[in-house]
Amino acid sequence: MKIARILVQGIVQGVGFRPTVYRIANALNMVGYVRNLGNVVEIVLFENEDNVNNFIKTLKNKCPPIAKINSIEINWIDEKSEKDRKDGKELEYIEVPDGFNILESSSDFSGASVIPPDLAVCDNCLDEMNDPNNRRYKYPFTACTDCGPRFTLIESVPYDRSRTTMDEFPLCYECNTEYENPSDRRYHAEASCCKNCGPSLKLFDKDKKELILNEKNNPLKEGVSLLNEGKILAIKGIGGTHLVAKVTEDNPIKKLRKRLNRPNQPFAVMSPNLETITKFAEVSKLEMSSLLSKERPIVVLKKNDEYDFSEFLAPELHNIGVMLPYSPLHHLIFDYTEEPAFIMTSANIPGEPMMIKNKEILSSLYGIADYFLLHDRKIINRCDDSVIRYRNNELSFIRRSRGYVPEPYDLSNLNSLKGLKSNFNVLALGPELDVTFTLQKQRLAYVSQHIGNTNKFKTYEFLQEAIKNMMNITKTEKLDLIACDMHPQFFTTRLARGMGEKFNCPVVPVQHHHAHGAVLAIDNSIDELIFIAADGVGYGEDGTAWGGEILYTDVTNYERLASLEPQKMPGGDISTKYPARMLASILYNSDYYKESKIESELENILISNYSDYFQHREIEIKNVLNQIKSNLNVQITTSTGRILDSISAALNICGKRTYEGECSMKLESYAYGANGDVTIQPKFKKVDNRPILDTSQILIDIMDLIKERKNKKEIAYAGQVAISKGLAKLAVDAAEKIGIDYIGATGGVFYNEAITLATKQYIEKEGFKFIQHRNSCAGDGSISLGQAIIASSKTKK
């Protein structure tokens, strides 16, 4: 007989892993113990080698449904030794124990495991919650080892109740009996509770006064009754707070928009079941699968012909974000209403993080919510809902957060990191908007939940708090490298410098679009590619705003090969809010309007057709044209987003951006369903010996088509396709020249279904392999992952 010390890493804590080990070991009549050790699971077996191998094989086959084994390490120890020869840690037993035991956790080991994400309530818990004879009947916080909150309530590892916010709720006798029974599915289910010992709900009015209800009523039922009346509720959930309102009436939505100062931004909704969703939206098999998945993301669906929700819900868009209930609380909401859906939008002041503390919710949402349905369980790691979209049956992450975080990416097979020490720790801080950060440890990359806009102070604070929490649960005590965006003025760049001093480690700036391309390569397991980076803005090496680029990368390095035509942004960032300014600049930059005798013609066109899109109308138009002509207060950009916004303004679709991506999103929706009857041929030229797509000519062609009174839907579609084909041709030419087979697409523009499809079709027609993001965001939500890998590979070399 020998002693086998087995360390299992992966998602192995908080998922019923130890009771599974216990049951397997007992079924095989094995002797030893299992325990949580730091952030891994330790199994010690007093058995011969054949029995141990059989045990491991069985464990892999019978792994709990939400567990994930990344590695199993076996250390054989001499029976008479009192020390584990590898790390010197004393074993719990030296003498052979009786049978197999589950021991108390220890915190003296740092591995590469992490607790699982928050997951949707399982069918077993739902059955209990809907059973009038069950003691958890209609209890809104039921959970077990197969479901419920994990990431949002953990403070440190090992993952035990004492290290979570459930520590404030001592288990009652019945719950404790389940908790201590290894054969029960609630054995060490740290979020387990019932109405006698768990969190509870309270209903408050707008003056922060609790509504005292009689025994026959409950806060949830009364809260939903208020929703049915058209009131706006703030409802605290698992990882944050939602603002909730009806979707079938205009007034609640109009009130919510006015109070939040969100005049047009689409609101996501929650619907009770799949059958109800199909009554207002188109649902493919893939979309259905995602809606029903344990991650329960918001899925962006196309509205169907029967869609009859308020026009103010997702104005001027052909799609809507929809999710199914993922917590018991959400399921119970629909027990008390006939409504087909409710708005479920993050409760936050625009640009700031979602609220999680009761006191803050009651004070900061005063005047926004009419009532507040709150519980008394603390949220440690706030976590926004994830958002996905299928374009041409291809999954695209818009926001990767709840349900997916903190499960890491495995980087162990990346060629660019071969030779890097396994204990090399990297923190990457992302860009400035749509921020996530990445903590890279032992070849695993933990990408954070959605953080948001870090030029807002509270979000900047949230970023620092979230970094601290992630380092705690991954047991990361040192950093060897910090990566950040190349932009010198980003708050994340400043934070990187400060943390570099704190941890005494180098700070490596990474170009924005290079990071995009590295993630694309990693996501598709390739080492080099040509890629199109099309988005709003990214700081370029030349100090200008890039955003329509053809780049080569081998992950570590990159080269800019082609781009969209550089255009002037009069007034800088104000042109992103008022796209008619960009329209004026792009038209002025064309060969046609560069002749002085025709300048007045452009001024007349702008005054006659687009005065409403300028804050100060005619006088501003004249000033903008003078700015462009004299190069006064202008920035240079190759942004694809600015071109799409300009097309949207030219067609009178959207003249003012009130939320990120609004003009481009409305352009896509306006063009949806077009037949392709109108075409625009992209034209090319060279600037500084770099091939570029002539975007001024595309806008000139669009203006000509408008004059000819062509169908505007068809013009909108033709403009998108012209940009797609132009970028695709530049990429194909570059790939042919260098000899690369793979051409990828990244950046927020590639959330657009029509643009993605047109780009894909052109590239594949030319014989190249077209790749997209698989398990990462095309937008800025995955930039930090690319930064971490690029910075690591540069350091290695």
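The following dialogue concerns a predicted model and the reasons behind several of its labels.

Modeller: This is a predicted model, in which local features need pLDDT of at least 70 and side-chain atom pairs count only at pLDDT 80 or more, while totals for chains, interfaces and linings use all residues. Residues are numbered from 1 along each chain as its sequence is written, and side-chain values use heavy atoms, with hydrogens and water left out.

Colleague: Why is Cys122 called buried?

Modeller: Buried means under 20% relative accessible area, exposed over 50%, and partly exposed in between, with a 1.4 Å probe and protein chains only. Cys122 has 13% relative accessibility, so it counts as buried. Cys654, at 4%, therefore counts as buried too.

Colleague: How do you know that the sulfur of Cys122 is too far from the closest cysteine sulfur for a bond?

Modeller: A disulfide is a pair of cysteine sulfur atoms within 2.5 Å. The closest cysteine sulfur to that of Cys122 belongs to Cys147 and lies 3.6 Å away, which is too far for a bond. The count by this rule is zero disulfides.

Colleague: Why are strand 6 and strand 15 said to stand at the edges?

Modeller: Two strands pair if DSSP finds at least two bridges between them. The open sheet of 10 strands has mixed pairing and the order 6-13-7-8-12-9-11-10-14-15. Strand 6 (201-205) and strand 15 (394-399) each have a single partner strand, so one side of each lacks a neighbour in the sheet.

Colleague: What makes strand 14 and strand 15 a pair?

Modeller: Strand 14 (residues 387-391) is joined to strand 15 by five bridges, and the two run antiparallel. The requirement is at least two bridges, so they pair. Val387 stands opposite Arg399 in strand 15.

Colleague: How do you know that strand 17 pairs with strand 18?

Modeller: Three bridges join strand 17 (residues 426-428) to strand 18 (residues 438-441), again in antiparallel fashion.

Technical notes: Helix = DSSP H or I, 4+ residues; strand = E, 2+ residues; numbered from the N terminus.
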